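I opened the notebook to look up helix packing and charged pairs. My entries follow.

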Amino acid sequence: MLEIYRSCSDEQPTIDASAHAKLEMQLQNAFEHEPLEDGIGHAAEGLIREALHLPRQSEVLEQLRSFALNDDYPSFAASVLRCLGRQQEPGTSEWRADIVRSALEASDVQIRDAAVQASEEWGGPEVLGALRNHVEPVV
């Protein structure tokens, strides 16, 4: 993966804004090159897996969360969330429940559907609670 950290004086390295854009671009390119299909591995999964194993995981998780909840680009957001769902327990159980809860509140049905798919993959009482507390509007 490209260099995604910059040093701050006397602080831990932080994610560089250009690195955020690079990861976003890499993911977009992966989804444009090959559509995400159920049951079939995808290059974006590897990009996300690699990012999740870098230092400063909390910042990486927030970066991925922002991609997965971006209502301005619902197809991209849903694809990122589906790929996150394919990861082996990213973040904490609370983080997973929070992203599911937030995605279920999205205005776009693709993102809400991706939240349900990620929930099925992750399981766990916190995620189940997020699903149980959600009421899907009937239109």
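Is glutamate 59 buried, partly exposed or exposed? I looked it up: glutamate 59 is partly exposed, at a relative accessible area of 22%. My cut-offs are under 20% relative accessible area for buried and over 50% for exposed, with partly exposed in between (1.4 Å probe, protein chains only).

Ground rules next. I am working on a predicted model, where local features need pLDDT of at least 70 and side-chain atom pairs count only at pLDDT 80 or more, while totals for chains, interfaces and linings use all residues. Residues are numbered from 1 along each chain as its sequence is written, and side-chain values use heavy atoms, with hydrogens and water left out.

**Salt bridges**

I took a salt bridge as a side-chain nitrogen of Lys or Arg within 4 Å of a carboxyl oxygen of Asp or Glu. The structure has four of them.

Glutamate 59 pairs with arginine 56, and their closest N and O atoms lie 2.3 Å apart. Arginine 56 is partly exposed too, at 28%.

I then checked glutamate 45. This residue bridges to arginine 86, with 2.6 Å between the closest N and O atoms. The pair links distant parts of the chain: glutamate 45 sits in helix α2, arginine 86 in the loop between α4 and α5, 41 residues apart. Glutamate 45 is buried at 10% relative accessible area. Arginine 86 counts as partly exposed at 25%.

Arginine 82 bridges to aspartate 113, the closest N and O atoms being 3.0 Å apart. Here helix α4 is linked to helix α6, across 31 residues. Aspartate 113 is partly exposed at 35%.

**Helices α2 and α3**

I used DSSP runs for helices (H or I, at least four residues), numbered from the N terminus. Helix α2 covers residues 43-52 and helix α3 residues 57-68; they pack at about 150°, axes 9 Å apart. The axes are lines fitted to C-alpha atoms over the stretch in contact, and angles run from 0 to 180 degrees between N-to-C directions.

Which residues meet? From α2 I noted Ile48, Ala51 and Leu52; from α3, Gln57, Val60, Leu61 and Leu64. Contact means heavy atoms within 4.5 Å.

**Helix α5**

Helix α5 (residues 93-104) has 12 residues and reaches 16 Å from first C-alpha to last, close to the 16 Å expected at 1.5 Å a residue. That expected span is 1.5 Å times one less than the number of residues. Its buried residues include Trp95, Arg96, Ile99 and Val100. I found the buried residues of α5 packing against α3, α4 (74-85), α6 (109-122) and α7 (125-132).

Conventions:
Helices (H or I, at least four residues) and strands (E, at least two) are DSSP runs, numbered from the N terminus.
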